[in-house]
Structures are given as C-alpha cells and as structure tokens.
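Here is a friendly walk through one model, with a look at who touches whom inside it. Please keep the viewer open as you read.

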Amino acid sequence: MLLQDRWLLPEGIEEILPSEAKRLERLRRQILDLFALWGYELVQPPLIDFIDSLLVGAGRELDLQTFKFTDQLSGRLLGVRADMTPQVARIDAHHLKKDTPTRLCYLGTVLHTKGESLEKSRNPMQVGAEIYGHESLESDLEIIRLMLEMLATTGIQDVHLDLGHVGIFRGLAEQAELNAVQEANLFDVLQRKATRELNEMLCELQLDETVHTMLAGLMEMNGIDGIIENANKVFKFAEESVKIALAELERVANSIRFLFPAMPINFDLAELRGYHYQTGLVFAAFVPGCGREIARGGRYDNVGQEFGRARPATGFSADLKVLSGIANDIPVSDAKKVFAPFEVDNGGLRNKIRDLRASGWIVIEELPGQQGNGYDMNCGYQLKKQGADWEVKEL
C-alpha cells in the first residue's frame with residue numbers, strides 16, 4: 001500500500017469523528033438509561049468467541065456473516081461476533097441460572113463479512129434487549145413496547161410496525177409434509193416474493209388442493225386492513241398450530257393498537273426473516289424514507305438449550321449508528337466551553353477550573369506554544385483574572 005493510501009479503511013468499515021461520536025454517546029446513554037428504568041440489566045459479551053457459541057440457533061446467513069480464524073492457544077475455531085444475541089443467551093443460561101424472568105440489555109460493535117444490501121456498514125453498533133424465562137405473549141408485548149419507547153426517546157417519528165408469526169408457515173409446511181429441501185426452497189421463494197415461482201413450485205409438489213391454496217395464499221397476506229380476518233378464512237382448514245399463531249398475532253396487534261392508536265400496523269405473514277431460530281411472533285419497525293427496518297426482533301424459545309438450559313426468550317435489536325442517522329435533534333452537549341490559561345502552580349486557577357468542570361462546564365486549557373486561541377477552538381467563554389479571583393467572560 002502506498003504511503004498516501006494508508007488513511008484508507010476497508011470497505012464498509014467506518015471510523016467515527018468527534019461530532020458524530022458525541023451524538024452516538026449521547027444516544028447510547030439515553031437508550032441504556034431507558035432500559036435500566038424498565039429493569040433491564042446491562043451485560044457486555046466478548047468481541048471474540050468460540051464459533052460454536054456464536055452460531056447457536058443461527059442459520060446459514062449468520063454463519064456466512066461471521067469472520068473466522070484459529071485460536072493459537074487452543075487450536076479451536078474462533079469468530080468475531082456478528083450478532084450478540086447467542087452470547088447473551090449463554091449468559092442467561094450458564095452464568096445467571098435464574099428461575100425468575102431475566103431482563104438483559106447490551107450495546108457493542110459487531111462485525112460482518114458483508115454489509116446489508118441497503119446498509120453498507122460492516123461494523124454496526126448493535127443495541128438490544130431480551131427477556132428470558134417467560135413464554136406468554138405479555139413478554140412479547142413488553143419487548144415491542146420497549147422498542148417503540150426506545151425509538152420515541154431517540155426522537156424518531158412516524159414509526160410503522162410490521163407484525164408476523166413464523167408459526168404460520170411452519171405449521172403449513174408440516175401439514176404439507178414437506179421434506180427439509182422442499183421447505184427450504186419454499187422459504188426462499190417466499191422471501192423473494194416470487195409469486196409466479198411459488199405457483200410453479202406448488203404445482204410441482206402435487207400437494208392436496210386445500211394445502212396448496214393455503215400456501216399460495218401466504219403471499220397475499222400482506223397489508224394493514226383485514227389481513228387477520230382474511231387469513232382466518234383462507235386458513236380455515238389449517239392445523240391447530242396455525243390457528244393458534246393467528247390468534248396470538250391478533251391479540252398482540254389489538255394491544256398495540258390500544259397503546260399506540262396512531263401507529264400504523266402492517267401484517268406480513270410471509271415475512272420469515274430469522275425463520276431458522278425464531279419460534280413465534282416476529283416484528284420490525286420502519287420509518288418512511290429508510291429502505292430497511294430500523295429495529296427488529298421476535299421470539300426465539302429454547303436458544304439456551306445448547307448451553308445446558310433451555311429457556312423461552314424474546315427480544316429485539318437495532319444498529320445505534322442507523323438510529324443516530326435518522327434521529328431528530330439529539331443535543332450533543334448542554335455544557336458551555338471555556339478557554340483557560342495553563343498555570344500548573346496557580347492554586348486559585350486550578351480550583352476555579354475544578355469547580356467549573358464539577359458544575360458541567362467544558363474547560364479547555366491552553367497548551368504552551370499552541371497554535372490558535374479560544375475562538376479557534378470553538379470556545380464561547382474564557383477565564384480571566386479579575387483582581388484576586390478568576391471569572392468567566394464571553395469571548
């Protein structure tokens with residue numbers, strides 16, 4: 001690499017400059033303080049972990065997103081975390097070992113081998129919250145409420161909520177008696193919203209007419225009004241697990257409407273992101289003008305089984321950098337900035353600087369021989385000696 005190119009970063013990897021770093025830090029504090037008020041305890045999993053722990057419950061997508069290398073101490077395969085959720089599940093299952101519901105939250109950088117199609121960053125700052133040890137819809141509802149409260153706290157407005165339930169597709173696939181390959185192919189077609197390809201595949205499978213109709217109908221179950229009512233008609237002859245999933249979806253949607261009457265709710269029964277490890281309700285938050293979800297989550301029961309203790313779980317996650325990019329009016333700092341002379345042996349000056357900082361002022365001390373003055377360093381005030389005292393004066 002040429003000397004003049006050494007400032008370049010790998011594609012999709014960003015460094016954060018002071019103004020944005022201040023904004024992110026303010027947002028981080030706001031979110032973690034909110035989580036704490038709801039009873040969520042902060043954990044900090046390691047950046048590097050054994051690959052077996054990082055990929056627990058995950059599908060092929062997360063495997064491909066994970067950087068891998070060999071540990072020179074143990075000889076085992078390590079990975080740089082691409083998602084913190086499996087690590088947090090391990091903390092709940094292996095370290096905390098509580099019988100009561102456990103609320104945990106986290107915030108840290110993850111690394112992806114490739115960026116998302118619309119969000120090119122490969123080093124997101126993942127923030128999230130999880131509830132372990134409770135399997136009813138009330139915990140799903142709490143997690144959705146917390147996600148929406150987080151977005152409101154950051155100043156993000158005009159949020160739209162997407163709701164789905166992987167139990168609907170899973171139950172229909174079981175009723176159709178699909179093998180693993182057939183189910184995977186059908187899953188892929190649904191994710192791509194390829195209607196023509198879906199109809200061709202269903203014809204090739206030679207399914208019972210009733211099951212064929214129900215699977216074909218999944219693609220149309222997308223919208224705001226009348227989706228659940230229509231689904232109950234189309235899936236009238238579905239097995240009981242499908243009807244239970246629809247009832248759960250309707251119950252959560254009604255609760256959300258009661259709590260957030262102005263927020264649009266969109267249903268997408270063919271949305272299967274995270275299908276390989278999600279087990280129930282799935283959800284995502286969108287805002288106009290952003291081509292992807294800004295937060296997402298769902299239920300993933302028994303993820304801790306690989307760590308010796310299966311527990312029901314539900315949670316959500318988001319990228320702090322994405323939230324910062326669309327949040328409104330995050331104040332960087334309420335403090336005022338003062339330029340002060342540098343005199344180590346002046347006790348009165350030292351005391352004044354200490355008192356100002358204790359009161360929330362930013363004090364920039366002039367370094368001997370430096371270039372520029374307080375004005376050049378964006379200070380609105382300066383410390384000047386008035387008789388025996390030091391006073392703050394406007395520049």
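Leaving aside neighbours within four places in sequence, Val-211 is in contact (heavy atoms within 4.5 Å) with Leu-172, Gln-175 and Ala-176. Keep in mind that this is a predicted model, in which local features need pLDDT of at least 70, side-chain atom pairs count only at pLDDT 80 or more, and totals for chains, interfaces and linings use all residues. Residues are numbered from 1 along each chain as its sequence is written, and side-chain values use heavy atoms, with hydrogens and water left out.

Val-211 sits in helix α9, residues 209-217; helices here are DSSP runs of H or I with at least four residues, strands are runs of E with at least two, and both are numbered from the N terminus.

Two residues can be set side by side. Buried means under 20% relative accessible area, exposed over 50%, and partly exposed in between, using a 1.4 Å probe and protein chains only.

| Residue | Relative accessible area | Class |
|---|---|---|
| Val-211 | 7% | buried |
| Lys-321 | 18% | buried |

Lys-321 belongs to helix α12. Not counting residues up to four places away in sequence, Lys-321 touches Glu-14, Ile-16, Leu-24, Ser-121, Asn-123, Pro-124 and Met-125.

Leu-24 leads us to helix α1, where it is one of the buried residues, along with Arg-23, Leu-27, Ile-31, Leu-32, Leu-34 and Phe-35. Seen down the axis of α1, these buried residues fall within an arc of 155° (taken from the directions from the helix axis to the C-beta atoms), so they line one face of the helix. On the other side of α1, Pro-18, Ser-19, Asp-33 and Leu-37 are exposed. The buried residues of α1 pack against several elements, including β1 (41-42), α5 (137-153) and α12 (320-326). After α1 comes Gly-39, with a positive phi near 90°.

Now for the nonpolar cores, each a set of buried Ala, Val, Leu, Ile, Met, Phe, Trp, Tyr and Cys residues joined through side-chain atoms within 4.5 Å. The largest has 79 residues, of which Phe-35, Ile-168, Phe-235, Leu-269 and Leu-323 touch the most other members. Helix α5 gives the most to this core, with nine residues. Apart from it lies another core of 15 residues, among them Val-88, Ala-89, Tyr-106 and Val-303.
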